[in-house]
Amino acid sequence: MVNRDSYDAMLAAVQAFHDKHDFKNTGGEELTYRIALMTEELGEIAEAVTKGKSREVLAEEVADLFILLFGTAIAADFDLKQAFWEKMEKIMQRESRMVNGRIRVSEFRDS
Ligand SMILES: [Mg+2]
């Protein structure tokens, strides 16, 4: 039984999915196609929220996108874990401000 808590196990599971269907040689790792797939899943997340679907449905759609994100890292050959932590370090340094009644964390260029 694999340790399902680890990033490496998740990445390996997605790699196994890609290998099972030979995504590398069948267009499944073309980045423009992956953008379409990720957009589709984001649309399904939006639908789950705006149509008031259950938390289970929302979780499944978010998982679909999460799997695609791992797969995009595989397809584009970058280290998603490293990119994640580098980005987290950056955004933890950023300022926040209220914009139209909601908090926004960004590199505000006017400050
Ligand atoms: Mg879906």
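Analyst: Glu 107 is partly exposed, at 46% relative accessibility (buried is under 20%, exposed over 50%, partly exposed in between; 1.4 Å probe, protein chains only). The model is predicted: local features need pLDDT of at least 70, side-chain atom pairs count only at pLDDT 80 or more, and totals for chains, interfaces and linings use all residues. Residues are numbered from 1 along each chain as its sequence is written, and side-chain values use heavy atoms, leaving out hydrogens and water.

User: Which residue forms a salt bridge with Glu 107?

Analyst: Arg 94 does, with the closest N and O atoms 3.3 Å apart (the criterion is a Lys or Arg side-chain nitrogen within 4 Å of an Asp or Glu carboxyl oxygen). Arg 94 lies in the loop between helix 4 (80-93) and strand 1 (95-99), and Glu 107 in the segment after strand 2 (102-106), so the pair ties together parts 13 residues apart in sequence.

User: How many salt bridges are there in the whole structure?

Analyst: Five are found. Among them, Glu 47 meets Lys 53 at 2.9 Å, N to O, and Glu 29 pairs with Lys 24 at 3.7 Å. In the latter pair, Glu 29 is buried at 12%, whereas Lys 24 is exposed at 64%.

User: Where do Glu 61 and Asp 64 lie?

Analyst: Both are in helix 3 (residues 55-76), three residues apart, about one turn of the helix (helices, H or I of at least four residues, and strands, E of at least two, are DSSP runs numbered from the N terminus). Glu 61 is buried at 14%, and Asp 64 is partly exposed at 25%.
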